[in-house]
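Dear colleague,

I am handing over the structure below, and after it you will find notes on what turned up. Please keep the structure open beside the notes as you read.

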Amino acid sequence: MEAFSDGVIAIIITIMVLELRPPHDTSLSGLRPLIPVMGSYVMSFVYLGIYWNNHHHLLHITQHIDGRALWANLHLLFWLSLVPFVTAWMGENHFTQWPVALYGVVLLMSAIAYTILVFTLLAAPGNELLASALGSDFKGKISIVIYIAGIALSFVNSWIGLALYVAVAVMWLIPDRRIERKIS
C-alpha cells in the first residue's frame, strides 16, 4: 500500500509541474504573470509533501492492513489526485473566490479521507502501537475546522481563506513526532 501510494503521489506532483508553462517573453518581467501560478504550485507541492510524509510515518508503524484500509487509502488518493486541477484553476484565476473555495474543499476532503484512513487502521487488530502513538490527534481535528472556516471566509475575501490554508500547512510542516517517538 505504501509503495502504491508513493507512486500515485509522485505522479500527482509530476502532473502539477507539467501544468506549468514558461512565458514566451525572455525577460524577467515575463515571469511576473506566473507569480500566482507558481504560488499555488508551491503551496500544493508543500501540501502533497506533508501528506506523503505523514502517510509514510503512519504506515511505518502500522502492523496490519485489511481491505477496508486499502479502500480508505484509495479514497485519500482520490482527493489528493484532484490537487493538480484545483491548483491550476486557483493559480490561473489569481486566487479568486470560487477557485480558492474549491481548493479548500479538496483540502478538507483530503483531511477527512486521511482521518478515515487513520480510523480504519486503528480498527484493524494488531495496530495497538499506532493507537497509542496517535492519541487525541488535536492537529487533525483543528485542521478540519480551519479548512471549513477557510472555505466559508473565501467568499468574504479569498485571501483570508488562502491564509487559513497556509496556516494549516505551516502547522503540519513538522512531521508527526508522536509516531517517531513510539518507533524509537
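Val 8 lies in helix H1, and since this is a predicted model, what follows should be read as a description of that model. With a relative accessibility of 19%, Val 8 counts as buried, because buried means under 20%. Along the sequence, Val 8 and Ser 81 are 73 residues apart, yet their C-alpha atoms are 8.1 Å apart in space.

Ser 81 is the last residue of helix H3, which covers residues 67–81. Which residues of H3 are buried? They are Ala 69, Ala 72, Asn 73, Leu 76, Leu 77, Trp 79 and Leu 80. If you look down the axis of H3, these buried residues fall within an arc of 160°, and therefore they line one face of the helix. What covers them includes helix H1 (2–18), helix H2 (35–61), H4 and H5, and H1 is the helix in which Val 8 lies.

Phe 155, for its part, is found in the loop between helix H7 (138–154) and helix H8 (158–172). Is Phe 155 buried, partly exposed or exposed? Its relative accessible area is 35%, so Phe 155 counts as partly exposed, a class that lies between 20% and 50%.

Two further residues deserve a look when you go through the backbone angles. His 94, in the loop between H4 and H5, has a positive phi of about 55° although it is not a glycine. At 46% relative accessibility, His 94 counts as partly exposed. Asp 137 likewise has a positive phi of about 55° without being a glycine, and its place is in the loop between helix H6 (128–134) and H7.

Note on methods. Residues are numbered from 1 along each chain as its sequence is written. This is a predicted model: local features need pLDDT of at least 70, side-chain atom pairs count only at pLDDT 80 or more; totals for chains, interfaces and linings use all residues. Side-chain values use heavy atoms; hydrogens and water are left out. Helices (H or I, at least four residues) and strands (E, at least two) are DSSP runs, numbered from the N terminus. Buried means under 20% relative accessible area, exposed over 50%, partly exposed in between (1.4 Å probe, protein chains only). The expected span of a helix is 1.5 Å times one less than its number of residues. The arc is that of the directions from the helix axis to the C-beta atoms. Contact means heavy atoms within 4.5 Å.
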